[in-house]
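Trainee: I'm new to this one, so please walk me through it slowly. I'll keep it open on screen while we talk.

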Amino acid sequence: MSSDITRALGKIACPCGLVGVKHGEKHDLTTVAWFTQESSNPPQVMVALHPDRYVLELLDAAGEFVLSILAEDQENIAVFCGTHSGRNVDKIKELGLATEPAAVVATPRVKDALANLECKVSGHYQSGDHVIVVGQVAAANVSGDKKPLLYYEHNITRWSR
């Protein structure tokens, strides 16, 4: 890919979040920046995950996930969950991350996230070097009015105003 293409793609500002999945006793979270709402009726989101991510194995087995939108003061969570594999590390324990039961799915919500979207998988597609997972939003909560954490110019960053 040319450097102009890479630089131009870096100008796309994305929210930063976590995809969480619990299947049996295994619970993992991975950092994501490529996600968006893709339907209003039914309400659906899409998330791009690298096929090597452990959370994708759990998601395939569970058929559901929670998309947690991180607030601008949760950069440490995003960095840790994006640089460690759930195959080797219990991220929730290591971070002391507070979770709470979800309303509809088995995967717990991230308690202090800006928002949590509880999703049932409605589609799964290979696209380039990522897997696109579409989730129908079955329940959601909003826990604050902070600004979201962003992924911009290939880095996790905060809003600046």
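Mentor: Let's get one definition down: a residue is buried under 20% relative accessible area, exposed over 50% and partly exposed in between, using a 1.4 Å probe and protein chains only. The model is predicted, so local features need pLDDT of at least 70 and side-chain atom pairs count only at pLDDT 80 or more, while totals for chains, interfaces and linings use all residues. Residues are numbered from 1 along each chain as its sequence is written, and side-chain values use heavy atoms, with hydrogens and water left out.

Trainee: What percentage of the residues in the protein chain is buried?

Mentor: The protein chain has 161 residues to look at. Use the cut-off we just set, under 20% relative accessible area. The buried share comes to 45%.

Trainee: Of the contacts between residues at least 6 apart, what percentage joins residues at least 24 apart?

Mentor: Contact means heavy atoms within 4.5 Å. Take the contacts in the protein chain between residues at least 6 apart in sequence; the share joining residues at least 24 apart is 62%.

Trainee: How far apart are the centres of the positive and negative side chains?

Mentor: Lys and Arg count as positive, Asp and Glu as negative, and His and the chain ends are not counted. Each charge is placed at NZ of Lys, CZ of Arg, CG of Asp or CD of Glu. With 15 positive and 19 negative side chains, the centres of the two sets are apart by 3 Å.

Trainee: Which peptide bond is cis?

Mentor: Look in the loop between strand S4 (35–39) and strand S5 (44–49), where Pro42 sits. Omega is near 5 degrees there, and the cis bond runs from Asn41 to Pro42.

Trainee: Is His154 buried or partly exposed?

Mentor: His154 sits in the loop between S11 and S12, and its phi is positive, near 65 degrees, though the residue is not a glycine. Glu153 is in that loop too, between strand S11 (150–152) and strand S12 (155–157), with a positive phi of about 50 degrees. Glu153 is partly exposed at 38% relative accessibility. For His154 the relative accessible area is 41%, which makes it partly exposed.

Trainee: Which residues of helix H3 are buried?

Mentor: H3 covers residues 75–83. Its buried residues are covered by elements including strand S2 (17–23), strand S3 (26–32), helix H4 (91–95) and S12. The buried ones are Ile77, Ala78, Phe80 and Cys81.

Trainee: Which residues of helix H2 are buried?

Mentor: H2 spans residues 54–62 and is followed by Gly63, with a positive phi near 75 degrees. Cover for its buried residues includes S2, S3, S5, S6, strand S9 (115–127) and strand S10 (130–142). Those buried residues are Tyr54, Val55, Leu56, Leu58 and Leu59.

Trainee: Is Arg109 buried or exposed?

Mentor: Arg109 is in strand S8 (residues 109–110). Leaving aside neighbours within four places in sequence, its contacts include Val66, Pro101, Ala103 and Asn141. At 13% relative accessibility, Arg109 counts as buried.

Trainee: Which residues does Ala103 contact, leaving aside neighbours within four places in sequence?

Mentor: Ala103 is in the loop between strand S7 (99–100) and S8. Ala103 is exposed, with a relative accessible area of 61%. With those neighbours left aside, its contacts are Arg109, Glu118 and Ala139.

Definitions and conventions:
Helix = DSSP H or I, 4+ residues; strand = E, 2+ residues; numbered from the N terminus.
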